Amino acid sequence: MSAPTAPTAPQPEILAAFEAAKGFMPVDEGLALYAAAAGAARLGLPLVEVGTYCGRSTLLLAAAARAAGVTAVTVDHHRGSEEQQPGWDYHDPSVVDPEVGRMDTLPTFRRTLHAAGLEDHVIAVVGRSPQVAAVWGRPVGLVFIDGGHTDEHATADYEGWAPHVAPDGLLAIHDVHPHPEDEFTGQAPYRIYLRALASGAFTEVAVEGTLRVLRRTGPGS
Ligand SMILES: C[S@@+](CC[C@H](N)C(=O)[O-])C[C@H]1O[C@@H](n2cnc3c(N)ncnc32)[C@H](O)[C@@H]1O
């Protein structure tokens, strides 16, 4: 059964919330992610994000899910990726839990979602992506991979989640850098993107900045 169709662009208040939220995704990529999520939501299946951080991109999946009457699921251990740890360029000291002494982006994420009025449309899973993928038991309309950027993590995200993408569903991958000099966090997302294409299971349908959107057009992964 197909779900109601979400508009192909986010409402102005959602875009404003996205721009105000902590996070790394630029607006052009956000608009492309929203369009992909809105299209995929028509399948009537959940939309899954790997890498919540403070909820910037989650807002877009949640808004698309709300419009189509489906649910967004976002997975993160909320302890930050390698490049977000103290001493690294992407570190934000305001998201360190002073009691525990480690990053904890969950409170900021919850405030982001609450302020946008989207809490009812998101299930937040706090845990490690491969463990969550291993217990996940149903097809997904869209998987958006924006988690750890090492080969170990990106590969585990791909291997854990790509098999769950439904026929005609979408696999979106963020931070795809074909040129090694473009980004110090590395090319692991680029390598899983190439792997998805080489599998024959996915066909590229959109490119925006470092975002790649692939459609499942065959079995496997
Ligand atoms: C680049 S940030 C996500 C940014 C977010 N999508 C946005 O647009 O603002 C990556 C996130 O992935 C999470 N992460 C990294 N490796 C993970 C893993 N193996 N399991 C779960 N979360 C992970 C980190 O905690 C971090 O919050």
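**How are H2 and H3 oriented relative to each other?** H2 and H3 are roughly parallel (that label covers angles under 35 degrees). This is a predicted model, where local features need pLDDT of at least 70, side-chain atom pairs count only at pLDDT 80 or more, and totals for chains, interfaces and linings use all residues. Residues are numbered from 1 along each chain as its sequence is written. Helix H2 (residues 27-41) and helix H3 (residues 56-68) pack at about 30 degrees, with axes 9 Å apart. Helices here are DSSP runs of H or I with at least four residues, strands are runs of E with at least two, and both are numbered from the N terminus. Axes are lines fitted to C-alpha atoms, for helices over the stretch in contact, and angles run from 0 to 180 degrees between N-to-C directions.

**Zooming in on where H2 meets H3.** On the H2 side you'll find Gly30, Leu33 and Tyr34, among others; their partners in H3 include Ser57, Leu60 and Leu61. Contact means C-beta atoms, placed from the backbone, within 7 Å.

**Next, an open sheet of 7 strands.** Read the order as E5-E2-E1-E6-E7-E9-E8, with mixed pairing. Strands E5 (122-126) and E8 (202-208) sit at the edges with a single partner strand each, so one side of each lacks a neighbour in the sheet. Pairing takes at least two DSSP bridges between two strands.

**A closer look at E7 and E9.** Strand E7 (residues 165-173) and strand E9 (residues 211-216) run antiparallel, joined by 4 bridges. Leu171 is opposite Leu214 in E9.

Notes: Angles under 35 degrees count as roughly parallel, over 145 as roughly antiparallel, 65 to 115 as roughly perpendicular and the rest as oblique. Two residues are in contact if their C-beta atoms, placed from the backbone, lie within 7 Å.
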